Amino acid sequence: MQIPTFYYQQIYNPFREIFHDNRDGEKHLDKGELVQTLSNNHQTIYHYIRRGSVSLSITTEEGYRKMLLLCGENMIFPIYRDGADYKTNHTIEFQVRENLTADILYESHLRQLLLAHPDFLMRTLNVALDVLDLYTYDAANSSYNDSFVSVCNLLYLLWKQMPETGSPKKLPVSHSDISYATGYSRPQVSKQINRLSRENIVATGYNSLTILDARRLAEYCSYDVREE
């Protein structure tokens with residue numbers, strides 16, 4: 001049973017050369033910078049991440065910020081939408097989390113590539129469906145999971161989606177990131193992380209968390225996140 005994906009990386013690795021060989025340009029941005037995804041003629045600019053990572057967040061008119069997902073190496077952002085101009089597209093903010101090197105491709109050019117490469121097109125469709133699944137999961141669970149379960153769910157999802165290294169996995173998220181992703185306040189999030197730390201399930205670092213005991217972390221997650 002597949003669980004929701006929050007951290008997208010290595011998704012487009014088989015199509016890396018297709019994108020690179022047909023790129024319209026290259027972009028380099030430093031940590032903390034915002035990524036411009038609209039050209040002067042209002043075409044969407046798609047980015048293939050070769051190095052670094054980017055967060056996708058949305059800010060409401062009231063100033064509330066919600067992190068939607070994270071994108072790492074060999075992922076394309078924004079999520080492809082074939083010309084559809086949804087209102088949310090104008091409120092999503094793309095911020096560099098780790099220094100970014102990306103190949104760029106304009107919307108019309110990417111569409112040509114997708115039509116010419118059916119496997120590339122199907123992968124892109126599956127990514128869009130995965131993101132829809134994540135949003136559906138988040139909307140369904142945010143109303144009844146308490147702050148502790150929500151934090152555990154997010155950390156477990158991130159842990160599952162980080163590559164194996166042979167040592168405890170370090171998650172590239174801060175307390176503020178978790179607050180933005182779960183919708184709970186920073187003090188609430190810190191309280192729950194401190195609990196996990198006291199139980200030796202996680203270890204805190206500078207803008208990072210290391211998962212020391214994923215099995216015990218999973219026991220605190222909601223059923224739809226735990227794997228059978």
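So, what is the mean pLDDT of the protein, and what share of its residues reach 70 or more? This is a predicted model, and the mean comes out at 87, with 90% of the residues at 70 or more. If you go element by element, the lowest mean pLDDT, 85, belongs to strand 4, residues 65-71. At the other end, strand 2, residues 25-29, has the highest, at 96.

Okay, helices. I'd like to walk through three of them, taken in pairs. Packed helices get described by the angle between their axes and the distance between those axes, and that's what I'll quote.

Start with helix 4, residues 147-161, and helix 6, residues 186-198. Their axes sit 9 Å apart, and the packing angle is about 70 degrees. Angles from 65 to 115 degrees count as roughly perpendicular, so that is what we call helix 4 and helix 6. The crossing of this pair is right-handed. Who's touching whom? From helix 4 we have Ser147, Phe148, Val151, Cys152 and Leu155, and from helix 6 there's Val189, Gln192, Ile193, Arg195 and Leu196. Sort the residues of that contact and you get 7 nonpolar, 2 polar and 1 charged.

Next, bring in helix 5, residues 175-182. Helix 5 packs on helix 6 at about 115 degrees, with the axes 9 Å apart, so helix 5 is roughly perpendicular to helix 6. This crossing is right-handed. On the helix 5 side the contact uses His175, Ser176, Ile178, Ser179 and Thr182, while helix 6 brings Arg186, Val189, Ser190 and Ile193. The breakdown for this contact is 3 nonpolar, 5 polar and 1 charged. Keep an eye on Val189 and Ile193 of helix 6: they're in the contact with helix 5, and they're in the contact with helix 4.

That leaves helix 4 against helix 5. Here the axes come within 10 Å and cross at roughly 110 degrees, which makes helix 4 roughly perpendicular to helix 5. In helix 4 it's Ser150, Val151, Leu154 and Leu155, and they meet Ile178, Ala181 and Thr182 of helix 5. That contact has 5 nonpolar residues, 2 polar and no charged.

What's the strand order in the open sheet of 3 strands? It goes 7-9-8, with antiparallel pairing. Strand 7, residues 170-171, and strand 8, residues 202-205, are the edges, each pairing on one side only. Strand 7 pairs with strand 9, residues 208-211, over 2 bridges, and Leu171 stands opposite Leu209 there. On the other pairing, strand 8 and strand 9 run antiparallel and are joined by 4 bridges. Leu209 turns up again here, as the bridge partner of Thr204. Strands 8 and 9 form a hairpin with 2 residues between the strands, and in that hairpin Asn207 takes a positive phi near 55 degrees.

Asn74 has a positive phi of about 60 degrees, although it isn't a glycine. You'll find Asn74 in the loop between strand 4 and strand 5. And where's the cis peptide bond? It joins Phe77 and Pro78, with omega at about -5 degrees. Pro78 lies in the loop that runs between strand 5, residues 76-77, and strand 6, residues 92-106.

Notes
Residues are numbered from 1 along each chain as its sequence is written. This is a predicted model: local features need pLDDT of at least 70, side-chain atom pairs count only at pLDDT 80 or more; totals for chains, interfaces and linings use all residues. Side-chain values use heavy atoms; hydrogens and water are left out. Two strands pair if DSSP finds at least two bridges between them. pLDDT is the predictor's confidence in each residue, from 0 to 100. Axes are lines fitted to C-alpha atoms, for helices over the stretch in contact, and angles run from 0 to 180 degrees between N-to-C directions. Angles under 35 degrees count as roughly parallel, over 145 as roughly antiparallel, 65 to 115 as roughly perpendicular and the rest as oblique. A crossing is left-handed if the near helix is turned anticlockwise from the far one by less than a right angle, and right-handed if clockwise. Contact means heavy atoms within 4.5 Å. Ala, Val, Leu, Ile, Met, Phe, Trp, Tyr, Cys and Pro count as nonpolar, Asp, Glu, Lys and Arg as charged, and the others, Gly among them, as polar.
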